[in-house]
Amino acid sequence: MSFFDEANLAKSKEILARYPRPKSAILPLAHLAQDQHGWLSPEAMEQIAELTGTTAADVLGTCSFYTMLKRRP
């Protein structure tokens with residue numbers, strides 16, 4: 001099952017194509033996920049990790065650094 005809806009999954013692939021290293025796309029993908037649901041759920045972080053070839057812990061580490069990203073509804 002995909003966290004991103006169909007339109008945002010297509011946008012996520014466009015975002016990933018902009019970066020030579022997929023890990024660099026964590027932050028823009030986090031913003032996309034937050035725009036979709038208003039916050040970053042664990043499921044969103046899991047999918048971002050899957051898309052970028054990282055772990056959910058890497059995504060959480062990045063997202064917890066930035067105060068503009070909400071990790072609670």
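**Figure 1. Packing of helix H2 (residues 26-37) against helix H3 in a predicted model.** H2 and H3 pack with their axes 10 Å apart, at an angle of about 145°. Axes here are lines fitted to C-alpha atoms, for helices over the stretch in contact, and angles between N-to-C directions run from 0 to 180 degrees. Helices are DSSP runs (H or I, at least four residues), numbered from the N terminus. The crossing of H2 and H3 is right-handed; a crossing gets this label if the near helix is turned clockwise from the far one by less than a right angle, and is left-handed if anticlockwise. On the H2 side, Ile26, Leu29, Ala30 and Ala33 meet Ala44, Ile48, Leu51 and Thr52 of H3, where contact means heavy atoms within 4.5 Å. The contact of H2 with H3 has seven nonpolar residues, one polar and no charged. Ala, Val, Leu, Ile, Met, Phe, Trp, Tyr, Cys and Pro count as nonpolar, Asp, Glu, Lys and Arg as charged, and the others, Gly among them, as polar. The model is predicted, so local features need pLDDT of at least 70 and side-chain atom pairs count only at pLDDT 80 or more, while totals for chains, interfaces and linings use all residues. Residues are numbered from 1 along each chain as its sequence is written, and side-chain values use heavy atoms, with hydrogens and water left out.

**Figure 2. Crossing of helix H3 (residues 42-52) and helix H4 (residues 56-65).** The axes of H3 and H4 come within 8 Å and cross at roughly 110°. H3 is therefore roughly perpendicular to H4 (65 to 115 degrees; under 35 is roughly parallel, over 145 roughly antiparallel, and the rest oblique). H3 passes H4 in a right-handed crossing. Met45, Glu46, Ile48 and Ala49 of H3 are in contact with Ala56, Val59 and Leu60 of H4. By class, the residues of this contact are six nonpolar, no polar and one charged.

**Figure 3. Thr54 in the loop between H3 and H4.** Thr54 has a relative accessible area of 17% and is therefore buried (under 20%; exposed is over 50% and partly exposed in between, with a 1.4 Å probe and protein chains only). The side chains of Thr54 and Thr52 make a polar contact at 2.9 Å. Such a contact is a pair of N or O atoms within 3.5 Å; within protein, one must be able to donate a hydrogen and the other to accept it, and residues adjacent in sequence count only if both atoms are side-chain atoms. Leaving aside neighbours within four places in sequence, Thr54 is in contact with Lys23, Ile26, Ala49 and Val59.

**Figure 4. Packing of H1 against H2.** The axes of H1 and H2 are 10 Å apart, and the helices pack at an angle of about 165°. H1 is therefore roughly antiparallel to H2. The crossing of H1 and H2 is right-handed. Asn8, Lys11, Ser12, Ile15 and Leu16 of H1 and Pro28, Leu29, Leu32 and Gln36 of H2 make the contact. The residues of the contact of H1 with H2 divide into five nonpolar, three polar and one charged.

**Figure 5. Ile15 in helix H1 (residues 6-17).** Ile15 is buried, at 8% relative accessibility. Ala25 is ten residues from Ile15 in sequence, and the two are 6.7 Å apart in space, C-alpha to C-alpha. Not counting residues up to four places away in sequence, Ile15 touches Ala25, Pro28, Leu29 and Leu32.

Technical notes: Helix = DSSP H or I, 4+ residues; strand = E, 2+ residues; numbered from the N terminus.
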